[in-house]
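I opened this notebook to record what I looked up in one structure. The entries below follow the order in which I consulted it.

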Amino acid sequence: MTAKPIVPRELANADVEEAIAYYLREASNKAALGFVDALETAYRHISRHPTSGSSRHAVELNLAGLRSWPLRRFPHLVFYVETKDCIDIWRVLHSARDIPAWMQDQRPEE
């Protein structure tokens with residue numbers, strides 16, 4: 001299977017920056033780097049195996065095609081939709097957040 005390019009939305013990039021800032025502030029450089037490594041690993045996996053993510057939130061939120069993939073060793077989920085040309089990364093959220101509230105108004109552009 002050919003890997004599809006990962007295309008994070010502005011909100012996803014902001015989520016990642018917020019998480020890195022949190023780990024730098026509350027933990028250490030090592031934790032922040034670990035988060036980045038886990039995110040890169042998740043992105044590589046999703047780009048090669050987009051259908052392997054959970055569709056549980058798609059059902060809960062009534063968002064067809066939405067999938068999530070957990071980061072290894074970090075309590076974050078990558079939310080994405082596979083398109084014909086790429087993997088559209090919507091959000092990278094802490095799993096303890098109110099996911100439905102954070103995913104509001106995240107409908108794909110038609």
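**Entry 1. Basis.** I note that this is a predicted model, in which local features need pLDDT of at least 70, side-chain atom pairs count only at pLDDT 80 or more, and totals for chains, interfaces and linings use all residues. Residues are numbered from 1 along each chain as its sequence is written, and side-chain values use heavy atoms, with hydrogens and water left out.

Entry 2. I looked up the largest pocket and found a volume of about 150 Å³. A pocket here is an open set of points on a 1 Å grid over the protein atoms alone, where a 1.4 Å probe fits and protein lies on both sides within 12 Å along at least five of seven lines; lining residues have an atom within 4 Å of a point. The volume is the space filled by probe spheres set on the points, which are joined across faces, edges and corners. The lining includes Asp15, Tyr22, Tyr23, His76, His94 and Arg97. I took helices (H or I, at least four residues) and strands (E, at least two) as DSSP runs, numbered from the N terminus.

**Entry 3. Aromatic pairs.** I counted four aromatic pairs, taking rings of Phe, Tyr and Trp (its six-membered ring) with centres within 6.5 Å; planes under 30 degrees apart are stacked, over 60 edge-to-face, and the rest tilted. The rings of Tyr23 and Phe35 are 5.6 Å apart at their centres with planes at 35 degrees, so I recorded this pair as tilted. Tyr23 belongs to α1 and Phe35 to α2 (29-48), twelve residues apart. Phe35 also pairs edge-to-face with Phe74, at 5.7 Å between centres and 85 degrees between planes. Because Phe35 lies in α2 and Phe74 in the loop between β2 (66-70) and β3 (76-82), this pair ties together parts 39 residues apart in sequence. Phe35 and Phe74 are both buried, which I read as under 20% relative accessible area, with exposed over 50% and partly exposed in between (1.4 Å probe, protein chains only). Tyr23 is buried as well. Ring pairs link Tyr22, Tyr23, Phe35 and Phe74 into a cluster.

**Entry 4. Positive phi.** Which phi does Asn62 have? I found a positive phi of about 55 degrees, although Asn62 is not a glycine. Asn62 sits in the loop between α3 (56-61) and β2, and is exposed at 65% relative accessibility. Arg73, also not a glycine, has a positive phi of about 70 degrees. Arg73 is in the loop between β2 and β3 and is exposed, with a relative accessible area of 70%.
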